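Please open the model in your viewer and keep the sequence panel beside it. The stops below say what to select next and what is there.

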Amino acid sequence: MTLLNDIAATGGRNGGSGETLAIRGGRPLRGRVEVKGAKNLVTKAMVAALLGESPSILRDVPDISDVAVVRSLLEVHGVRVEDGDEPGSLRLDPSDAESAHMEEIDAHAGASRIPILFCGPLLHLLGEAFIPDLGGCRIGDRPIDFHLDALRKFGASVEKLPSGIRLSAPGGLVGANIHLPYPSVGATEQVLLTAVRAEGVTELRNAAIEPEIMDLIAVLQKMGAIISYEPNRVILIEGVSKLRGYDHRAIFDRNEAASWASAALATDGEIFVGGAKQQEMLTFLNIVRKVGGDFDIREDGILFSRGGTLRPVTVETDVHPGFMTDWQQPLIVALTQARGASIVHETVYENRFGFTDALVKMGANITVHPHGLQDGPRRVPRRNLEQAAVITGPTPLRGAEITVPDLRGGYSHVIAALTAEGQSTVHNVGIISRGYEKFFDKLTALGADFDVVG
Ligand code: UD1
């Protein structure tokens with residue numbers, strides 16, 4: 001079966017848009033799931049292929065809809081994307097890369113923010129780039145000011161149009177000194193993808209250093225880039241005039257691995273996450289241990305289970321090496337089953353606790369405090385985004401009718417429904433296919449009792 005056609009070929013069973021599941025919960029999830037390449041690396045490495053003068057091969061590409069979105073965006077820019085030489089690999093050939101129309105980009109981008117990362121490579125390749133719909137809610141909801149400020153520093157001019165923004169750099173881009181106001185993952189990637197072929201040296205301060213960024217640096221080094229990182233979040237990039245294609249196996253998806261780990265804790269099950277590795281998950285594993293969960297690190301993956309009675313924890317999300325914001329939603333489902341009051345303090349995004357309303361409807365005791373908790377000074381300065389959720393457990397969950405809001409919140413709703421006694425109807429589960437490959441097959445393999453009903 002052709003990679004990325006799975007969703008269509010399985011009749012949407014692994015997550016087309018807007019599906020509804022009837023879930024009969026109360027059974028522990030037991031079994032084995034495999035995680036592939038990280039969504040947060042794969043999509044960026046695909047964009048990096050635009051910078052090469054020869055084709056690139058990316059391995060362990062997950063069959064998720066975010067990958068399909070980037071594939072079509074590359075294709076509208078003239079990149080030939082085909083299956084590679086082994087299952088789950090892609091060959092990306094940028095030799096005929098060209099400008100695309102704003103409407104085409106818009107039509108393929110959907111809700112994705114990936115078009116922003118095309119800016120640097122397209123400016124190098126074609127001298128111009130478009131980002132659709134900047135004023136609309138899709139991109140406007142999550143700001144791109146760091147990205148645009150950085151691109152201006154490289155010498156790009158930014159023109160706001162009614163339908164989006166147009167960037168141009170007919171004379172080429174030059175290295176810059178950039179200090180990010182916050183170690184944004186996307187803005188760090190923007191700088192890397194732009195600086196590698198800019199003329200001269202770029203110094204990036206307050207950079208994000210997530211493992212997926214380190215893997216992107218590895219990809220770029222394979223392409224011929226010269227990038228070094230120094231203490232205290234400083235990355236130096238010496239621009240080169242030419243890059244070639246790469247052959248790279250993507251780092252595993254630690255977010256998916258953490259999600260299944262939380263599912264094992266929540267449902268009192270036992271899940272072996274094939275492909276999960278310890279190093280990139282140290283912070284998460286510490287929390288699993290503190291909460292009373294059990295894990296067994298093996299050569300080919302990690303086995304997660306509930307060691308005994310779950311205990312409450314206090315967790316603050318942060319940039320790497322802190323506790324990742326994407327891990328908190330599945331963990332909160334497990335914390336509804338812990339004995340006592342847990343606190344999860346979100347410092348990366350606003351509005352990441354909306355999904356808890358559905359858990360409350362199912363019987364969880366969760367209070368969200370809009371202004372967060374007072375605390376001492378932080379390495380990453382506080383911004384005005386904090387929110388804290390206090391989860392008091394254990395509370396039995398009961399089936400309910402719920403609609404999933406987003407990727408990680410949606411996953412958490414499904415896990416909550418599987419933890420709950422009785423039947424739940426969960427709408428809009430298709431969104432989960434953005435980040436979880438073969439989601440329904442994995443649930444089935446773990447013994448989940450559910451039907452696709454709409
Ligand atoms: C990436 C990840 C996402 C993860 C997040 C934080 C991908 C596809 N997504 O998202 O899973 O949760 O990192 O680890 O890799 N910000 C601004 N202005 C900007 C850019 C960001 O204010 O120009 C703010 C954001 O609103 C947010 C914070 O910075 O509050 C962090 O965002 P960022 O690190 O950029 O996240 P993404 O790259 O979008």
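Begin by selecting N206, which sits in the loop between strand 10 (201-205) and helix 9 (211-223); helices (H or I, at least four residues) and strands (E, at least two) are DSSP runs numbered from the N terminus. Although N206 is a residue other than glycine, its phi is positive, near 60°. This is a predicted model, in which local features need pLDDT of at least 70 and side-chain atom pairs count only at pLDDT 80 or more, while totals for chains, interfaces and linings use all residues. Residues are numbered from 1 along each chain as its sequence is written, and side-chain values use heavy atoms, with hydrogens and water left out.

Select next the two cis peptide bonds described here. One joins H320 and P321, with omega about 10°, and P321 belongs to the loop between strand 17 (314-316) and helix 12 (325-335). The other runs from G393 to P394, with omega near 0°, and P394 is found in the loop that lies between strand 20 (387-393) and strand 21 (401-403).

Now colour the protein by domain, taking 3-35 + 252-452 as domain 1 and 39-249 as domain 2; these bounds come from an automatic or database domain assignment. The centres of the two domains, taken over C-alpha atoms, are 29 Å apart.

Where do domain 1 and domain 2 touch, and how many residues are in contact? On the domain 1 side there are 26 such residues, which meet 23 residues of domain 2, contact meaning heavy atoms within 4.5 Å. About 2,200 Å² is buried between the domains, 52% of it from carbon and sulfur atoms; buried area is the accessible area (1.4 Å probe) that two parts lose on being put together, summed over both.

Show the side chains of R434 and D66, which form a salt bridge at 2.9 Å, N to O, where the term requires a side-chain nitrogen of Lys or Arg within 4 Å of a carboxyl oxygen of Asp or Glu. Across the interface of the two domains, the rule finds two salt bridges. On the side of domain 1 that touches domain 2, helix 1 (6-9), helix 10 (254-267) and helix 14 (407-419) each supply at least two residues.

Finally, zoom out to the whole protein, which has 15 helices and 23 strands and whose C-alpha trace spans about 65 × 55 × 45 Å along its principal axes.
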